[in-house]
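Have the model open as you read.

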Amino acid sequence: VSSQPATLTMPCKTVVSELSGSEMEELEPCQKQPKARVPVAKRRPAAAIKRGGKGKCKRATARSVRKPSLKKDKFVEVVFLPARPDKPLPACGWARSKPDGKIWFAPYNANFAKTQPLNLKVVQRTKQTEKKDGTKVFSGTKIFKAWSCMRCFSSTTSATKSLVSTRGVSDLSNQVKCSTAYRHDCQKFGVNPKLGRHLDPTVAEWFGGLPANWTDPTPGAVSHRVFDAMFPGARTTKDGKLPVISLFTGIAGLEIGLHPWVYATKYVECNPSCIAVLKARQADGLLHQGEVVEDVRGFSAKGSGACGLTAGFPCQGVSAAGSQEGLADSRSGLIEMVFKVWDSMDPDCRCFMILENVMALLSCNENTRALMAYVVEECRKRGLSCQWASLKLSNCGLPAGRGRVFLLCANRKSKLWEDYQCLAAADHCVAEWNSLNAKPMHTWLNPSQKSGHSGRLKMLGNSVVPAQAKLAFETLLGLHRRARESAFDDEA
């Protein structure tokens with residue numbers, strides 16, 4: 001596993017410019033301007049660092065990382081560009097809206113460390129080319145560089161009974177069953193590899209960066225020792241942390257990942273299975289005590305004393321596997337409730353929101369782009385800055401995709417937020433993935449699916465990975481800090 005650090009490559013002093021001179025005047029940039037402006041057409045990419053005086057622009061990489069210094073880096077131009085309808089938004093950056101309702105963004109180059117590729121060998125020997133239904137059969141050998149994503153669909157958690165199709169070989173369960181590593185491990189322990197078919201929930205929890213049996217609704221199912229080793233101080237202390245309300249909680253993966261900074265006082269979740277898990281983990285003392293509310297549409301945060309919101313809002317209207325109708329989708333359209341809950345909070349307590357969704361939120365799809373524009377515009381109306389960061393599990397230690405976007409919508413005028421900045425971490429190194437809950441590969445697939453396993457796998461397919469949320473928030477804190485130290489203002 002690579003131990004290269006992931007650092008933020010933005011210097012502390014920032015000068016913000018735009019394509020229009022009049023718009024730059026509205027931003028009131030800081031007094032320390034560069035001596036000569038480079039025409040827009042001749043500018044280097046915004047991700048490149050331009051050193052004052054002599055020297056070339058150098059793009060920081062994982063192998064050549066240098067920390068920002070005011071002595072070496074006199075200024076960096078952050079160019080706000082209009083979002084093109086035919087191109088997706090960059091992986092990290094700042095966003096703001098214009099009076100015409102369109103998104104303008106400034107890209108940001110955050111170099112995350114990556115784990116080594118998986119190199120999983122998958123083999124299926126057969127002369128048959130098609131099944132009876134006409135689907136093509138996979139035959140031969142294929143090397144996978146990463147694990148496939150486990151989603152809420154049963155096809156990703158239950159292997160095919162007979163021959164695997166060319167499309168089905170990319171599903172996680174079929175990846176495991178057809179891999180030479182699984183067959184060798186089964187042979188070592190005297191297990192018939194042909195009997196294995198259904199992914200075990202504890203393996204799915206390992207993939208999700210959670211303790212074993214986290215989704216088991218039985219109180220006492222999760223080891224306190226393992227939980228404390230994975231998330232030190234998550235359940236024992238509230239010192240230095242801000243209270244938040246968790247919307248669309250699921251199984252609280254987002255809140256666990258943010259445990260160094262926040263603790264939840266209320267949970268809003270409508271799924272009965274997830275509610276049972278939340279109540280069981282509260283009974284275990286692993287989650288902070290709080291009321292579980294079932295309907296977000298009638299929820300109000302008035303008098304709660306919460307300083308922020310966390311919300312992994314529904315992705316069915318955003319995901320490429322869903323409708324991609326954006327706000328028109330009744331489920332993803334519930335993002336409107338997040339801002340209504342924000343408005344109901346005590347004005348003196350409003351500090352920040354953390355939003356999460358799938359990577360398709362940054363795509364050039366017309367409907368998803370409109371949803372992203374809605375979020376940015378609603379933030380502007382409330383005086384909130386908006387930064388986003390997207391990353392994959394491969395940035396956290398597991399060779400897998402599962403890309404997610406995290407947005408930090410922050411109130412820069414909040415005094416609470418001033419003190420909160422010091423908790424940001426700039427460096428990150430990938431480590432061994434969830435080693436305390438790793439299981440031998442021959443136990444990954446069960447011959448039959450036990451009662452309750454299907455529901456647990458579906459919850460895990462929709463959950464937020466805590467390690468992903470933690471790294472994203474560290475990155476977003478760094479982005480927000482540099483926004484405060486710079487001259488630009490999202491309200492301009």
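Asn119 sits in the loop between strand 6 (110-111) and strand 7 (120-124); strands here are DSSP E runs of at least two residues and helices H or I runs of at least four, numbered from the N terminus. This is a predicted model, where local features need pLDDT of at least 70, side-chain atom pairs count only at pLDDT 80 or more, and totals for chains, interfaces and linings use all residues. Residues are numbered from 1 along each chain as its sequence is written, and side-chain values use heavy atoms, leaving out hydrogens and water.

Asn119 has a positive phi, near 55 degrees, without being a glycine. Is Asn119 buried or partly exposed? With a relative accessible area of 42%, Asn119 is partly exposed (buried is under 20%, exposed over 50%, partly exposed in between, with a 1.4 Å probe and protein chains only).

Asn434, in the loop between helix 10 (415-420) and strand 17 (445-446), also isn't a glycine and has a positive phi of about 45 degrees. Asn434 counts as buried, at 9% relative accessibility.

Asn462 belongs to helix 11 (residues 453-462). Leaving aside residues up to four places away in sequence, Asn462 touches Cys152 and Arg402 (contact means heavy atoms within 4.5 Å).

| Residue | Phi | Relative accessibility |
|---|---|---|
| Asn119 | near 55 degrees | 42% |
| Asn434 | about 45 degrees | 9% |
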